[in-house]
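Student: Please show me the sequence and the structure, and then we can go through some questions.

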Amino acid sequence: MTLTDAAAERVRAVIARSEKPVAGLRIGIKNGGCAGMEYTMEFAEQAGKFDEVVEDKGVKVLIDPKAILYLLGTQMDFKADKLSAQFVFNNPNQTSACGCGESVAITPVQPEPAEAGA
């Protein structure tokens with residue numbers, strides 16, 4: 001997972017205003033919404049035992065272990081316009097999204113099969 005400059009700047013700004021110590025931003029997925037899945041984000045006080053830790057542009061991102069295969073190759077961006085401001089996930093594994101943009105369908109990356117005799 002990578003972050004755009006805008007996403008990294010926004011995450012750093014929000015962490016700076018936190019009243020509690022923050023180890024990083026935990027990103028995951030959950031079942032829900034009309035397309036089947038939703039991205040989740042929360043500030044974590046510490047990394048979980050099985051979290052995948054990614055550091056990009058000075059921001060530590062903790063990937064929930066259940067979401068790793070769904071988020072491989074994803075870029076997180078932050079977009080703001082006159083009516084809204086939101087994080088946007090540019091995910092090559094996403095196969096569709098609902099009209100409101102709140103939920104998505106994602107196909108997990110399939111691990112490469114081990115070669116015979118290896």
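Tutor: Buried means under 20% relative accessible area, exposed over 50%, and partly exposed in between, with a 1.4 Å probe and protein chains only. This is a predicted model, where local features need pLDDT of at least 70, side-chain atom pairs count only at pLDDT 80 or more, and totals for chains, interfaces and linings use all residues. Residues are numbered from 1 along each chain as its sequence is written, and side-chain values use heavy atoms, with hydrogens and water left out.

Student: Is D56 buried or exposed?

Tutor: D56 belongs to strand 4 (residues 52–56); strands are DSSP runs of E, at least two residues, numbered from the N terminus. Its relative accessible area is 15%, so D56 is buried.

Student: Which residues does D56 touch, not counting residues up to four places away in sequence?

Tutor: Contact means heavy atoms within 4.5 Å. With residues up to four places away in sequence not counted, D56 touches T2 and L3.

Student: What is the angle between the planes of Y39 and F89?

Tutor: Rings of Phe, Tyr and Trp (its six-membered ring) pair if their centres lie within 6.5 Å; planes under 30 degrees apart count as stacked, over 60 as edge-to-face and the rest as tilted. Y39 and F89 form a stacked pair at 4.2 Å centre to centre, and the angle between the planes is 20 degrees.

Student: Which residue stands opposite F89?

Tutor: Strand 6 (residues 75–80) pairs with strand 7 in the antiparallel sense over 6 bridges, where pairing takes at least two DSSP bridges. The residue opposite F89 in strand 7 is M76.

Note on methods: Helix = DSSP H or I, 4+ residues; strand = E, 2+ residues; numbered from the N terminus.
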